[in-house]
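User: I'd like to learn how to read a helix and a sheet in a model like this. Can you walk me through it?

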Amino acid sequence: GYVWYYVFPLVACALLGAAHGLRATAILLLATAVLVTFQEALPAVHPYSGTFLARFFGSLAVVALFSYLTEATREHAQTKLAETNDSLGVAVDRLLETKARLQESESEYRHLVEKASDGIALVEDGVLQFANPRMAEIVGAPVEDAIGKPFTTYVHPSERQRLRGLYERRMRGDDVPSTYETRLVHRNGGEIFVEVNARQTTHGGRSGDLVIIRDITERKQVEAAILAARESAEAANRAKSQFLANMSHEIRTPMHGVLGMADLLMSTELDQKQARFVDTIRTSANNLLRLINEILDFSKIESGHASLAAIEFELRLLVEETVELLSEEAYRKGLEMAYWIDPEVPQTVIGDPHRLRQVLLNLIGNAVKFTDDGEVVVAVRPAAEDTLPGVVEFEIRDTGIGITPTQRDEIFEDLA
């Protein structure tokens with residue numbers, strides 16, 4: 001009777017065909033073998049009871065059921081395995097992509113640090129833990145020699161205490177300057193002026209200083225040269241101003257003697273021709289004395305000792321005297337000289353009459369000098385309404401050659 005344990009599963013397998021039946025049959029054969037082996041212990045077990053057809057279709061049904069369950073389970077497992085494999089593949093691809101990006105980013109940052117024009121260093125516990133090639137170049141030491149040494153090794157002895165104090169305060173979290181200038185010592189003993197930018201950072205769980213150093217030695221040398229040149233120029237200007245002041249004083253004394261003698265000579269009996277000669281001497285002496293006074297004023301301006309007075313004076317009288325001084329020269333050239341003062345201009349004003357007379361003499365004198373025909377007119381009126389109250393405006397108008405727009409820009413330039 002045991003043959004049916006094998007025959008019916010085999011027949012069912014043949015009818016089902018395909019791999020499904022084979023796998024199910026293998027499972028049933030294994031179960032049948034177990035049942036045959038332990039049949040004596042399990043007398044009540046009769047898997048194949050009934051008629052032939054019943055036993056045959058029963059075996060067929062069992063095989064089909066086992067085949068379906070086995071295949072469904074296998075397909076589900078394969079689907080899950082495929083999904084898992086796909087997920088793992090995507091995850092691996094992402095990890096590889098992330099790794100590639102990290103490597104690329106690391107390469108870029110390393111390239112930037114190594115090729116930077118400024119020195120970059122990392123200081124932890126007061127010791128150099130990293131230095132880029134430019135940092136090593138600034139101090140003149142190989143990178144491997146610089147790393148592991150106290151950061152003050154290459155600091156100028158006079159600056160070590162200050163920089164050590166800044167570092168300790170920054171590590172405590174105190175508010176200290178992040179940018180400052182200091183001096184380093186090159187390996188050959190030379191001094192290097194640098195600009196330092198230091199900021200606290202955390203690396204590998206440890207606090208440290210990220211330091212960026214820029215060599216400003218050349219800039220400092222240029223600044224020192226400029227300062228020396230400026231001091232030399234200022235000294236030369238002071239010497240020139242002192243020379244002008246001394247010469248003005250030295251020349252003024254004999255000029256007063258010439259003017260005094262000219263006045264005495266005019267008080268004697270002179271014919272018309274002699275009087276004209278003496279008057280010319282006196283006029284020339286006054287012009288020379290005026291020039292000497294202007295030189296002295298120029299030296300005061302350059303030395304920074306010039307000042308403006310604020311005193312009351314009669315403006316009309318000052319304008320009349322100034323125009324009268326230059327009238328004779330204008331008449332000799334055949335020019336008409338006139339002045340007009342607006343009635344609204346106050347009779348008495350506050351200012352520096354000496355400086356005002358100098359300015360008017362220069363302006364009116366230039367107008368007479370560069371006018372060959374026509375007139376020179378001086379007008380004085382209150383300034384425009386948009387200026388401060390009490391301000392007076394002077395206008396010197398002539399019919400001379402005038403100046404071009406280009407020459408106007410050069411009026412206040414030094415004479416060549």
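User: Which residue just after α6 takes a positive phi?

Analyst: Gly173, with a phi of about 90 degrees. Keep in mind that this is a predicted model: local features need pLDDT of at least 70, side-chain atom pairs count only at pLDDT 80 or more, and totals for chains, interfaces and linings use all residues. Residues are numbered from 1 along each chain as its sequence is written, and side-chain values use heavy atoms, leaving out hydrogens and water. Helices (H or I, at least four residues) and strands (E, at least two) are DSSP runs, numbered from the N terminus.

User: Which residues of α6 are buried?

Analyst: Buried means under 20% relative accessible area, with a 1.4 Å probe and protein chains only. In α6 that covers Leu163, Leu166, Tyr167 and Arg170. Looking down the axis of α6, the buried residues fall within an arc of 100 degrees (taken from the directions from the helix axis to the C-beta atoms), so they line one face of the helix.

User: What covers the buried residues of α6?

Analyst: Go by contact, meaning heavy atoms within 4.5 Å. The cover includes β1 (119–124), β3 (179–185), β4 (191–203) and β5 (206–215).

User: And in what order do the strands of the open sheet with 3 strands run?

Analyst: Strands pair if DSSP finds at least two bridges between them. Here the order is β7-β9-β10, with mixed pairing. β7 (336–341) and β10 (392–398) are the edge strands, each pairing on one side only. β9 (residues 375–382) pairs with β10 in the antiparallel sense over 7 bridges, and Pro382 has Val392 in β10 as its bridge partner.

Conventions:
Buried < 20%, exposed > 50% of the residue type's maximum accessible area, 1.4 Å probe, protein only.
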